[in-house]
Amino acid sequence: IPDNNLNVITYYKDLDNNNLKHNPYYFTLYFNKLWIQLLCYQTAPNGFFNQIMPDELPLAKSNDTFFDMFKNHSVQLTHLFPFVFHIYTTQPRKSIQYNYDIIEFNISQVSKVIITTSITDVDRNDLVLIEGQFTDLVNRPIPDRPLNAYIDEQLLTELFVNETGFFSIYVPISPNMKLGPRIISVEFMGEEFILPSNSSTVFIVHGPVYPIVNQLQPIAVGDILEISGLVKDNLQDGFLSNHTLELFVDGVLIGITTSDNEGYWYYDYIIPETLEIGNHTFTVLSPEQGYHRQGNFETNLTVAYHTKISLSLGSQYATRGDNWNFTGRLYENDTQFQMGLQGRNILVLMDGIEISTIMSNDDGTFNYNHTLGYQISRGMHEFKFSFVGELFYLSTNTNITTFVNSDIQIEILPITHTIVRSSSTQPIKIQGFAREIGGQFSIFENLSINLFLDNSNLPLKSDPWANSGTLNFQIISTAQQFMLPGINT
């Protein structure tokens with residue numbers, strides 16, 4: 001019965017109420033052939049049945065008073081299985097009639113799910129063991145019953161109680177479980193004569209943090225090291241925003257930064273003079289924040305010397321077929337000694353293309369001679385001398401701009417007409433073209449052209465390049481009176 005209460009009606013005849021004030025009356029309770037006689041006095045302020053304890057087990061107790069004998073009397077039953085219950089009333093005096101009542105009924109058993117595992121903090125990907133016991137109201141095991149396990153009211157699995165009432169289950173914490181407090185509950189759904197029950201425990205899910213540092217390039221004292229990276233959890237797109245990161249060099253805090261909305265962070269660090277040449281340990285630490293665990297990442301930070309290449313060239317200008325002779329020196333540039341670097345390879349590039357590799361001498365000096373040839377294009381060319389760097393010596397390079405000139409060859413068509421001195425109708429006419437030597441042997445136009453007779457500059461009658469687009473020039477000049485008859489140069 002749901003409320004575990006049994007109502008018993010007792011009847012009394014010829015009862016002298018005044019007499020009962022000073023005399024006890026008795027109730028006898030029979031339970032599976034065991035009996036206990038209960039004694040009440042009407043004069044008590046609140047007459048009540050004492051709790052019944054056969055074999056030290058509580059069986060029944062009264063929750064009613066007895067000022068009015070002609071009423072329903074309620075006995076709360078706490079024993080947990082069906083039985084036949086006999087209630088007898090006896091008469092202390094002959095004037096009280098003996099009476100009894102017999103009632104048969106079933107009692108539903110109260111159950112308890114007890115979780116004995118104490119869980120506080122767990123991590124994603126953990127496997128958590130939940131243990132407990134399934135008992136009745138007085139902690140006696142109830143064996144071989146099915147229970148359901150839930151996480152945040154979502155069914156996880158079904159489990160079974162063993163013959164001693166104990167149960168256990170391993171609960172996997174998924175990699176993407178929501179962080180923060182989560183509830184694991186175990187529930188018995190109930191059955192005939194056993195009422196449902198449940199129990200729950202709260203645990204807090206934490207997530208890992210993985211700081212990432214982009215590769216640190218070797219750096220020299222006084223330079224600015226641009227440090228950057230990402231911070232994320234164990235999920236593929238789990239980049240953490242507004243996450244605080246602490247930066248250390250050799251265990252010494254150098255700065256604190258915060259990630260942006262996409263988990264990106266950066267920090268500019270000026271290398272101090274106190275940081276010696278060599279390798280150092282760089283650490284980025286993410287302290288515990290919210291439900292995220294502490295995470296860290298370590299990498300090497302190399303502090304090296306600056307290097308420098310000094311370079312000289314006699315003349316930046318050269319004509320096809322000539323040479324350029326470069327001289328220079330490779331040395332460290334952080335100390336007053338400016339020590340030359342011996343036996344280092346120096347790459348030579350022209351217009352971004354590597355053309356040679358040379359090696360420095362004992363004192364770091366080097367020489368390089370470059371022949372122009374005739375295929376090189378006219379105009380500006382960029383030379384770069386580059387040292388790629390090595391452990392504790394940074395890379396360096398030096399550029400120099402040079403210019404290539406080309407000789408011009410003028411080709412003239414044979415003169416076949418007659419030239420008459422001082423004649424405007426039979427002047428000197430010379431036709432030809434100007435071509436570069438080497439390169440693409442290009443033909444030029446619109447060049448400045450003069451006509452000489454020995455050292456005398458003869459005047460021209462018109463623009464030699466008047467016939468535009470022909471790439472030819474035509475010189476027209478009146479033959480001077482002082483010119484000798486015959487061949488003139």
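Reader: Which residues make up the covered face of strand β29, and which the uncovered one?
Author: In this predicted model, F366, Y368 and H370 form the covered face of β29 (residues 365-371), while T365, N367, N369 and T371 form the uncovered one. Strands are DSSP runs of E with at least two residues, numbered from the N terminus. Local features need pLDDT of at least 70 and side-chain atom pairs 80 or more, while totals for chains, interfaces and linings use all residues. Residues are numbered from 1 along each chain as its sequence is written, and side-chain values use heavy atoms, without hydrogens and water.

Reader: What makes β26 and β29 a pair?
Author: Pairing requires at least two DSSP bridges between the strands. β26 (residues 323-332) and β29 have 7, in the antiparallel sense, so they pair. G328 has F366 of β29 as its bridge partner.

Reader: Which residues touch the most other members of the largest nonpolar core?
Author: They are I130 and I173, in a core of 25 residues. Such a core joins buried Ala, Val, Leu, Ile, Met, Phe, Trp, Tyr and Cys residues through side-chain atoms within 4.5 Å. Strands β8, β10, β11, β13, β14 and β15 each supply at least two of its residues. Apart from this core lies another, of 21 residues, including L330, M350, L372 and I400.

Methods:
Buried means under 20% relative accessible area, exposed over 50%, partly exposed in between (1.4 Å probe, protein chains only). Helices (H or I, at least four residues) and strands (E, at least two) are DSSP runs, numbered from the N terminus.
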